[in-house]
Amino acid sequence: MSQAAAPIDFRTNAQHVPPKMPAAVQKATAKFLGSRAALVEALGNDLWQTLRQAGHDLRLHAITHLDHYLEQAERAVTKVGGHVHWARDAGEANRIVLEIARQHDVKKVVKSKSMATEEIGLNHAMEAAGIQVIETDLGEYIVQLLGVGPAHIVVPAFHLSKEEIADLFRKKLGVDAPAEAEKLTQVARTKLREEFLAADLGISGGNFLVAETGTIVTVTNEGNGRMCTTIPPVHVAIVGIDKVVPDWESLTVLLKVLARSATGQKITCYTQFISGPPGAEAETGPKELHLVLLDNGRSRILKSPECRETLLCIRCGACLNICPVFNSVGGYTYGYPISGPTGMMFASQILGAKAAGGLPFASTLCGACNDICPVQIPITDILLHLRHRVVEGDEQEKAVAPYALRMGAQAGSLALRTPWLYRLGSTMLKWLQTPLKRDGWLPRLPPPLNRWTMARPFPAFASDFRTWWRTRSREAKGRQ
Amino acid sequence: MDSAREEILGKVRASLGRGPGSPVAPVPPTTRVSPRAPASTDAEIALLFSEIEKLNGITRRLAGRDDLKTALAELVKAEAVKKATLWATPEFQALDVAGALKALGVELISPQADQRLVAECELGVTGVDVALPETGTLLLRSSPEKPRVVSLLPRVHLAILRRAALRADLHQAFSEVKQNGYCVLVTGPSRTADIELTLTLGVHGPKALYAWLLDEA
């Protein structure tokens, strides 16, 4: 693990969610889900399921032949005049970008929204080297001014009111604008226009990397993605190795499901296809193109057949929008730039069980994420496997759960596997609970079980399974 | 740098149990998602325009060069255009778009000029390489005479399209353009909903998109 991250404590974070957060989150997610549902209905569910299946198969094919497609993409990008760099981890990726910046004497960088650069903490690394980095997606610009990360991967500032944003612009930009979305957007447009025209380097992510032609595909609405990759003289794209797809034909499926799942649009406003720098054509646009292929633990995720489908994700955010837990706590609670179900899967593997082992537990396993995922990632199966990894360890990581929890889990497993032990246990529990029982509930339990009863009473054991089953069978016979 | 490449590819191969020459299975077919069947050209144009209008674009049908001149005059007035930039394609030269704009008192800026000057233009005029009716999408390829900044920096983007640009769907469009160095799909004017989910047009790209169909007898 490259990052020595402080452990993410979801439970504690969840206790500090501001009361207005759930309402703001639910307003946004309801809107996205509503638009998405209308478009899926218009397509017809059969066609939608066919598209999801095709999307899943294409992404799975790509990541299970990843070495082949990465080499093909590298050859193609090089052929059209781009430079390809390989980064094993976050530190190496940041060093590569800094070195490119140093060669071009870069003072100012404009950036379009990219989860890969959030993942590697690129902004911090560049600012530490004295380079100014400006986020240009409106939502990212706002949260950057506020000094925080994105609260949602698609709409980063969705939890802020227009009054708060007007206040922020007054304090940070010295611009007095009325608290109206249109006026505030105009302020940002004017400010960022100057930055685009003055920047020495543009940084983008990539939604897809097409192996066939070495094409970087970006999907945006505002146009900042086009600005960052068109106006500055040098363009650096930082793309996770998992983003590669075989060919343009694959895009016909993936682009169809991406925008519909993300914002409930048929297609976003701008979809760009960048194959190499335009330099040789004497066209406008950057003279140099650098592609940084980022591993940062992805090749390790690939190793586990149970978990590798984590990498199918196309970062649409639909699983965040549908998740009952995300809707209650918002993005920051996850302690990682990518939040929600897909963020939990990804972060707990990238950061490791020690730092993010709590995340796979922040789910009710209701499975709504599985059903909505446009590339059919079995999210809850993966979360279950990751829970197993945390508690018992697997071929990739040692168990990190507290000793008592591990012993408890093992004892439980033993009791459920051994009939006489199960019988003994269920009889004993009925006796043991007697002094604590009040009206069929257990209002207080001794530590560590009191973590449950601090919040709500525990239902008393009414019967054991075998007795219940016998009674039930007798009653069923009686009815016949 | 090379060691990073070898290490990453090595790890990927080890994780997948593959070797450098391991066989590659065929790409799963996309054909099970049946390609879209195009309707008649008139129906396709009607669909394209209705989709563009849904996304706050402004459409117009022109019946020839005189119509184009009238429409340009109205646009220049409505959007208070003082400076404009445009593609230098043979088609635009034949239509003498530049001449028409000059006659309206509009100053023309070369797309290759300093980008600050191009950014000051109120109007950018482009053609359309491919139009996709289903989503109201215009595909613009870029080349030396079709610089990408023309559809990006000015406040208003005017796209002049011909019936010949119509394609049924992305399958057809992609097979034609995939070898191009750069292309962009434009669907409506630049938009955001980042502030309280309120739809706002013209964040960074053009605030207005005009799509005109030009038919010539």
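What share of the 217 residues of chain B count as buried? The answer is 44%. Keep in mind as you read on that this is a predicted model.

## Chain B

Let's stay with chain B for a moment. Its secondary structure comprises seven helices and eleven strands. The radius of gyration is 21 Å, well over the 17 Å that the globule rule gives for 217 residues, so chain B is more spread out than a compact globule. Along the principal axes, its C-alpha atoms fill a box of roughly 70 × 45 × 45 Å.

Among the contacts in chain B with a separation of 6 or more, 76% are between residues 24 or more positions apart.

## Chain A

Chain A holds 23 helices and twelve strands. With a radius of gyration of 26 Å, close to the 23 Å given by the globule rule for 480 residues, chain A is as compact as a globular protein of that length. The box filled by its C-alpha atoms is roughly 85 × 55 × 45 Å, again taken along the principal axes.

Of the 480 residues in chain A, 52% count as buried. Residues 24 or more positions apart make up 71% of the chain A contacts with a separation of 6 or more.

## The largest nonpolar core

In soluble globular proteins, nonpolar side chains tend to be buried together. Here the largest nonpolar core has 188 residues, and those touching the most other members are Leu66(A), Val239(A), Val244(A), Leu254(A), Val292(A) and Leu294(A). Helix H12 of chain A, residues 248-262, supplies the largest share of this core, with nine residues.

Setting aside neighbours within four places in sequence, Leu254(A) is in contact with Gly55(A), Leu58(A), Phe208(A), Val245(A) and Ile314(A).

## Where the chains meet

Contacts between the chains involve 78 residues of chain A and 59 residues of chain B. On the side of chain A that touches chain B, helix H10 (residues 181-198) gives the most, with eight residues. By class, that side of chain A has 34 nonpolar, 25 polar and 19 charged residues.

An open sheet of seven strands, with mixed pairing, runs in the order S8(A)-S5(A)-S6(A)-S9(A)-S8(B)-S6(B)-S5(B). Its edge strands are S8 (244-245) of chain A and S5 (130-132) of chain B, each of which pairs on one side only.

Follow S9(A), residues 270-274, to see how the chains are linked here. Five bridges join it to S6(A), residues 215-220, in an antiparallel arrangement, with Ile216(A) opposite Ile274(A). Five bridges also join S9(A) to S8(B), residues 182-186, and these strands run antiparallel too. In that pairing, Thr271(A) stands opposite Leu185(B).

## Two backbone angles to check

Most residues other than glycine have a negative phi. Leu365(A) has a positive phi, near 55°, and sits in the loop between helix H17 (353-356) and helix H18 (368-372) of chain A. With 16 other C-beta atoms within 10 Å, Leu365(A) is partly exposed.

Chain B has an example as well: Asn56(B) is not a glycine, yet its phi is positive, at about 70°. Asn56(B) lies in the loop between helix H2 (41-54) and strand S1 (58-62) of chain B. Asn56(B) counts as partly exposed, because it has 15 C-beta neighbours inside 10 Å.

Methods. Residues numbered from 1 in each chain as written. Chains lettered and ligands numbered in written order. Predicted model: local features only at pLDDT ≥ 70, side-chain atom pairs only at ≥ 80, totals over all residues. Helix = DSSP H or I, 4+ residues; strand = E, 2+ residues; numbered from the N terminus. Rg over C-alpha atoms; globule rule 2.2 N^0.38 Å. Buried ≥ 20, exposed ≤ 12 C-beta atoms within 10 Å, placed from the backbone. Contact = placed C-beta atoms within 7 Å. Pairing = 2+ DSSP bridges. Nonpolar A, V, L, I, M, F, W, Y, C, P; charged D, E, K, R; others polar. Core = buried A, V, L, I, M, F, W, Y, C linked by C-beta atoms within 7 Å.
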